[in-house]
Amino acid sequence: MTAALKLNGESLSLGAFEAVARQNEVALCDSVREKVARSRQVVEDLLAEGDTIYGINTGFGKLSSERIANDQVKELQRNLILSHSAGVGRTLSREAVRGMMVLRLNSLVRGYSGVRQEVLDQLVSCLNREVIPWVPSRGSVGASGDLAPLAHVAAVLMGEGYCQAADGGKVSAASALSAAGMSPIEFEAKEALALINGTQLIGSVGGLALARAGRLLVAADIIAGMSLEALMGTDSVFAESVHLARPHPGQLAVAEHLRGLLAGSELIASHKHCGKVQDPYSLRCIPQVHGAARDGWSWSVQVFEREFNAASDNPVVLTSERRIVSGGNFHGAPVALACDTAAVALSYLGSMSERRCDKLLDTRESGLPPFLTDHGGLCSGLMIAQYGAAALVNENKLLSHSVTSDSIPTSAGHEDHVSMGPAAAFKLRRMVENLEQILAAEWICAGQALEYRRPLKFGPGTERGLEVLRRRVAPLKEDRYLADDLAEAKRFLTEGALCEPSELPSELVC
């Protein structure tokens, strides 16, 4: 456990978000307390003056025209959370729920939501004492906030619903709070709506997927470099002058990365004057394609980090103007589009990887034994590794299609355009998992192919790529149960074991 991450509503990065979603404790910066208190005072003053204000003394959504008496406001809060705790489907992971809680907390401390300090302290205590709500994953359309998932989180704060148990099951929220030395909280005017009107399901699931994808951008370069060497490709196409002529940031970064990975390779030098003019696109165009994926990922991360530090609430409490305005900051369109964009970008990496994998196994392309086995016929070698990669590339083609261009109205047509951002976030997560497995297949094939190129030395980065692989996956001498190798290689990629800290995108640095 490292030092608690201090939240101020303004500076939460993707890397810091991932760290705190996984394990780290949280705390609030002292500077937020005054903002929160002023915001709350506006709510209480306007309520006392008898104004009719959406979300404070009215119904919600289509029922917003219904005025609620002041003595029923607390009951209104409770009813809102219970009625909206209507999620379905598989349970969200512990880290995804922690991520939702951190992101909602970081939004509330900006002072636009009108909640009391006690609500924020309850969230902080739940995070730090491992009182993690049990939250069904489906049920949000990502428009009037991620209502159902966030309601399941809010219900736990008031002692309703369930929490995740250590054995993977669930326990009552009341029991979990008691075991942690905590008591339920009773929400007051505006607070229930403030806890559920936000994009934090999209932000958490999509943000965690983007963090995993950031490490894959680095790993894909390393694995591609291994394939290029094994296929006797040239590194001349990575010359800086070539890429300065077309200076897309991602392209420049990938070309520079590959130059460092391959510097001084005896294998590349050994065929420098072979007379071969061009390599296939999957080798020659690595900077252009991997670079475009980096640029798409980077843009998506920028959108997510803005959303991490935004007030995605409704209504918004404008303290300086002493008024409360009903708007649409809860709409998930920005982060939903970022999920779709990142998905398309990542599909590039998978399709390129599978093509290199196929070439490594094809003796006509590689000049190596068919399917990288010395006993072809008796043994099938790595033949089926490419089948799995091809199947996942096909699946990712389907997943790369937009889901956010669709909209199904809700709340009796009052909410007539929704973002479908949660579906985009879950789709992105699935694509990342598929891409990890696609790259794992290429990594194993490239490592096996490089074994045939010894005793020549490879580039420093590709030598490291092979060394890391060999920590868990031995060279293939004869056919064996290949699923274990593929699973181990994927696990290493998921853990980020192939990436040096200095290689990671700046967005992932805490």
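# A friendly tour of a predicted protein chain

Leaving aside neighbours within four places in sequence, Leu504 is in contact with Arg215, Val218 and Cys499, where contact means heavy atoms within 4.5 Å. Keep in mind that this is a predicted model, in which local features need pLDDT of at least 70, side-chain atom pairs count only at pLDDT 80 or more, and totals for chains, interfaces and linings use all residues. Residues are numbered from 1 along each chain as its sequence is written, and side-chain values use heavy atoms, with hydrogens and water left out.

**More about Leu504**

- Leu504 sits in the segment after α20; helices (H or I, at least four residues) and strands (E, at least two) are DSSP runs, numbered from the N terminus.
- Leu504 counts as partly exposed because its relative accessibility is 24%; buried means under 20% relative accessible area, exposed over 50%, and partly exposed in between (1.4 Å probe, protein chains only).
- Between the C-alpha atoms of Leu504 and Pro475, which are 29 residues apart along the chain, the separation is 28 Å.

**The overall build**

- The protein chain contains 20 helices and 8 strands.
- Its radius of gyration is 26 Å, close to the 24 Å that the globule rule gives for 510 residues, so the chain is as compact as a globular protein of that length. The radius is taken over C-alpha atoms, and the rule is 2.2 Å times the number of residues to the power 0.38.
- Along the principal axes, the C-alpha atoms fill a box of roughly 85 × 50 × 45 Å.
- Of the 510 residues in the protein chain, 55% are buried.
- Among contacts with a separation of 6 or more, 80% are between residues 24 or more positions apart.

**The nonpolar cores**

- In soluble globular proteins, nonpolar side chains tend to be buried together.
- A nonpolar core is a set of buried Ala, Val, Leu, Ile, Met, Phe, Trp, Tyr and Cys residues joined through side-chain atoms within 4.5 Å.
- The largest nonpolar core has 147 residues, and those with the most contacts inside it are Leu105, Phe187, Ile196 and Trp443.
- Helix α9 (residues 200-230) gives the largest share of this core, 19 residues.
- Not counting residues up to four places away in sequence, Phe187 touches several residues, including Lys74, Ile81, Arg116, Ala154, Leu157 and Leu195.
- Another core, of 10 residues, lies apart from the largest one, and among its members are Val43, Leu47, Ile56 and Ile324.

**Helix α6**

- In α6, 11 of its 11 residues are buried; among them are Leu147, Pro149, His152 and Leu157.
- Just after α6, Gly159 takes a positive phi of about 85°.

**Pockets and cavities**

- On a 1 Å grid over the protein atoms alone, a cavity is a set of points where a 1.4 Å probe fits but cannot get out, while a pocket is an open set with protein on both sides within 12 Å along at least five of seven lines; lining residues have an atom within 4 Å of a point.
- Grid points are joined across faces, edges and corners, and a volume is the space filled by probe spheres set on the points.
- The largest pocket has a volume of about 400 Å³, and of its 23 lining residues, His84, Gly139, Leu147, Ala148 and Glu415 lie nearest its centre.
- Helix α3 gives the largest share of that lining, 3 residues.
- The lining of the largest pocket divides into 10 nonpolar, 11 polar and 2 charged residues. Here Ala, Val, Leu, Ile, Met, Phe, Trp, Tyr, Cys and Pro count as nonpolar, Asp, Glu, Lys and Arg as charged, and the others, Gly among them, as polar.
- The second largest pocket holds about 280 Å³ of space; of its 17 lining residues, Thr234, Asp235, Ser236, His271 and Lys272 are the closest to its centre.
- A search of the whole structure finds 3 cavities of 30 Å³ or more, and the largest cavity has a volume of about 50 Å³.

- Most residues other than glycine have a negative phi, and most peptide bonds are trans.
- The peptide bond from Asn314 to Pro315 is cis, with omega near -5°, and Pro315 lies in the loop between α14 (286-308) and β7 (316-318).
- Another cis peptide bond joins Arg454 and Pro455, with omega about 15°.
- Glu130 is not a glycine, yet has a positive phi of about 60°; Glu130 is partly exposed, with a relative accessible area of 35%.
- Lys190 also has a positive phi, of about 80°, and Lys190 is buried, with a relative accessible area of 0%.
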